[in-house]
Amino acid sequence: MVGQLRGQVYEKLPSGELRGLNDARITLRKAGSTETVRETQSGPIPGQNNSGYEARVPAGQWSVSVEAQGFDPSPRVDVTVVAGQVAI
């Protein structure tokens, strides 16, 4: 059974505006296993101001971490992916 994990990585500018952080590297690790999925955040679609990543993964508990050049690695976040649904 497969679900979907979708997210966005942002940088907060001095003005307070949020900007999508292109080429951020997202690592997903399934709890209790060695299964790992790696994604790279894509840039905005022309005419839109969004960016993000999307991964189809087996249902279960996953930990998500993010790395990007010039930034400290993010703390790990745990997410539950349910079959046939999208976790954000």
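# Exercises on contacts, core and pocket

**Exercise A: a residue and its surroundings**

Which residues does Met-1 touch, not counting residues up to four places away in sequence, and is Met-1 buried or exposed?

*Solution.* Step one: with contact taken as heavy atoms within 4.5 Å, Met-1 touches Val-57, Pro-58, Ala-59 and Ala-83 once residues up to four places away are set aside. Step two: the model is a predicted one, in which local features need pLDDT of at least 70, side-chain atom pairs count only at pLDDT 80 or more, and totals for chains, interfaces and linings use all residues. Residues are numbered from 1 along each chain as its sequence is written, and side-chain values rest on heavy atoms, with hydrogens and water left out. Step three: Met-1 belongs to the segment before S1. Its relative accessibility is 79%, and therefore Met-1 counts as exposed (buried is under 20% relative accessible area, exposed over 50%, partly exposed in between, with a 1.4 Å probe and protein chains only).

**Exercise B: the overall fold**

State how many helices and strands the protein has, and in what order the elements run.

*Solution.* Step one: helices (H or I, at least four residues) and strands (E, at least two) are DSSP runs numbered from the N terminus. Step two: the protein has 0 helices and 9 strands, so that the elements, counted from the N terminus, read β-β-β-β-β-β-β-β-β. Step three: along the principal axes, the C-alpha atoms fill a box of roughly 40 × 30 × 20 Å. Step four: of the 88 residues, 34% are buried. Among contacts with a separation of 6 or more, 51% come from residues 24 or more positions apart.

*Solution.* Step four: for Leu-28, with neighbours within four places in sequence left aside, the contacts are Leu-5, Glu-35, Thr-36, Val-37, Ala-55, Val-57, Trp-62, Ser-63 and Val-64.

**Exercise D: the largest pocket**

Give the volume of the largest pocket, the residues closest to its centre and the classes of its lining.

*Solution.* Step one: on a 1 Å grid over the protein atoms alone, a pocket is an open set of points where a 1.4 Å probe fits, with protein on both sides within 12 Å along at least five of seven lines; lining residues have an atom within 4 Å of a point. Grid points are joined across faces, edges and corners, and the volume is the space filled by probe spheres set on the points. Step two: the volume of the largest pocket is about 220 Å³. Step three: 14 residues line this pocket, and Gln-8, Tyr-53, Val-64, Val-66 and Val-77 are the closest to its centre. Step four: strand S1 (2-7), S7 and S8 are the elements that give two or more residues to the lining. Step five: the lining comprises 9 nonpolar, 4 polar and 1 charged residues (Ala, Val, Leu, Ile, Met, Phe, Trp, Tyr, Cys and Pro count as nonpolar, Asp, Glu, Lys and Arg as charged, and the others, Gly among them, as polar).

**Exercise E: a polar contact and a strand partner**

Which side chain is joined to that of Glu-11 by a polar contact?

*Solution.* Step one: a polar contact is a pair of N or O atoms within 3.5 Å; within protein, one must be able to donate a hydrogen and the other to accept it, and residues adjacent in sequence count only if both atoms are side-chain atoms. Step two: Glu-11, in strand S2 (residues 10-12), has its side chain joined to that of Arg-19 by such a contact of 2.8 Å. Step three: beyond four places in sequence, Glu-11 touches Glu-17, Leu-18, Arg-19, Leu-21 and Phe-71. Step four: Leu-18 lies in strand S3 and touches Tyr-10, Glu-11 and Lys-12, again not counting residues up to four places away. Because its relative accessibility is 47%, Leu-18 counts as partly exposed.
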